[in-house]
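Dear colleague,

Please find below the structure that I am handing over to you. My notes on its contents follow directly after it.

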Amino acid sequence: MDSKGNFPKREERIPYGRAIRNEETQKKGTKKNKKKLSPYKQKYNAQHNIKPVKRKKLQKRSISAKNRRILALIIAILAIVLILLFVFRQNGKEVFIGETSMGIVEDKSVTADSLLQTLTAQLQQEVGANVKINETIEVKPLHISKARQKDVCQMDYLMPLLRQKVTYQVEAAAITVDGKETVIVANQQEADAVFTALQEPYKQQDETRNIQYSFQEDVQVVLKYVDPSQIAAKENAVQTLQSGTRVPKEYTVQSGDALYKIAAKFDMTQEELKQMNADLIPQNGTVNVGWVLNVMAEVPMVSVKTTETVVLTEVEKYNVVYQQDSSKNKGYQKVTQQGKDGQKEVTKEIVRINGELTSEEVVSEKITVEPIDEIVVQGTK
């Protein structure tokens with residue numbers, strides 16, 4: 001409202017709290033007018049302590065010529081690098097066995113481990129046992145140039161090439177005797193079959209007998225990888241373990257023995273047997289039961305040990321008890337109670353090496369029928 005009490009015209013009214021600007025500055029795109037405000041507008045701004053808003057002009061940033069050259073150089077270098085990466089990118093893998101190149105594959109997922117696993121699986125299926133490949137397989141990434149296009153192949157062509165090139169070892173069972181390796185067979189089952197064949201000649205048909213079969217020596221089976229040519233057949237392995245060396249041994253003459261029988265038993269001639277026992281055997285070749293002769297016996301590499309537990313019933317002898325009677329004259333003797341033998345159960349452990357008795361030990365005794373003492377009265381008067 002002016003000094004006369006009149007309201008300003010509608011177009012001269014301004015919102016509360018805003019500074020009154022020149023009319024020319026309100027137009028968009030025009031420069032700021034430096035002319036003074038009308039007296040009414042100045043008075044209004046003074047009454048409300050409103051100051052005109054000053055706007056700063058935004059300065060436009062410009063790129064210098066030097067910076068433009070640097071940016072262009074960086075873009076050019078990046079473009080060259082991308083071109084080189086595209087031209088010389090690794091788009092294949094070359095497979096080697098040792099130093100020999102076996103071919104190139106375009107499958108980027110192929111690795112040395114995957115090829116080794118596939119090849120090992122094929123060999124194990126073919127051989128029927130675990131195998132270990134001797135050679136080293138390497139896979140190297142490369143860029144397939146036009147000159148190397150002829151070396152590119154598919155996996156179904158590459159795998160047979162690898163199979164022909166590699167050599168391998170087979171997991172087998174090595175039989176050791178007292179820690180020394182003697183013969184190698186295909187697997188643990190084959191080794192068990194060899195042991196059964198060695199023990200077969202000493203097996204008893206009577207299954208009720210309690211017999212345990214083992215070996216005199218420390219026989220073990222060790223699994224190891226070997227060249228397939230080292231594996232022996234079961235029959236050859238049995239023959240090797242049954243063979244041995246000839247060593248001096250003592251033999252006690254049994255009932256029914258004769259010089260020729262003893263010589264044949266130890267694969268000797270009668271003359272050889274006479275020479276080894278010249279101080280005992282007469283010229284006529286007669287031998288007596290109980291004589292201890294020197295012989296040459298072949299001791300096999302592996303000796304079969306049988307341990308039999310037998311339970312026998314034996315007689316338990318009765319005791320004779322003497323009773324003194326002073327009412328009877330000396331020389332008087334009379335059996336007042338007849339003695340009677342009892343029975344006992346004896347458990348024995350019988351050990352044989354290659355069928356020959358080596359020891360017989362009583363493990364326990366148990367009296368089953370008590371014996372009855374015989375009582376004899378003697379006079380002492």
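**Aromatic pairs and related contacts**

There are two aromatic pairs, counted where rings of Phe, Tyr and Trp (its six-membered ring) have centres within 6.5 Å; planes under 30 degrees apart are stacked, over 60 edge-to-face and the rest tilted. The pair F195 and F215 is edge-to-face, because the ring centres are 5.5 Å apart and the planes stand at 65°. F195 belongs to helix α6 (residues 188-199) and F215 to strand β7 (residues 210-215), so this pair ties together parts 20 residues apart in sequence. Helices (H or I, at least four residues) and strands (E, at least two) are DSSP runs, numbered from the N terminus. Both F195 and F215 are buried, that is, under 20% relative accessible area, with exposed meaning over 50% and partly exposed in between (1.4 Å probe, protein chains only).

Y251 and F266 form an edge-to-face pair, with 5.4 Å centre to centre and 70° between the planes. Y251 is in strand β9 (residues 244-252) and F266 in the loop between α8 (259-265) and α9, 15 residues apart. Y251 is buried at 10% relative accessible area, and F266 is buried at 9%.

K140 lies over the face of F96, 4.9 Å from the ring centre; the rule requires NZ of Lys or CZ of Arg within 6 Å of the ring centre and within 35 degrees of the ring normal.

The model is predicted: local features need pLDDT of at least 70 and side-chain atom pairs 80 or more, while totals for chains, interfaces and linings use all residues. Residues are numbered from 1 along each chain as its sequence is written, and side-chain values use heavy atoms, leaving out hydrogens and water.

Yours sincerely
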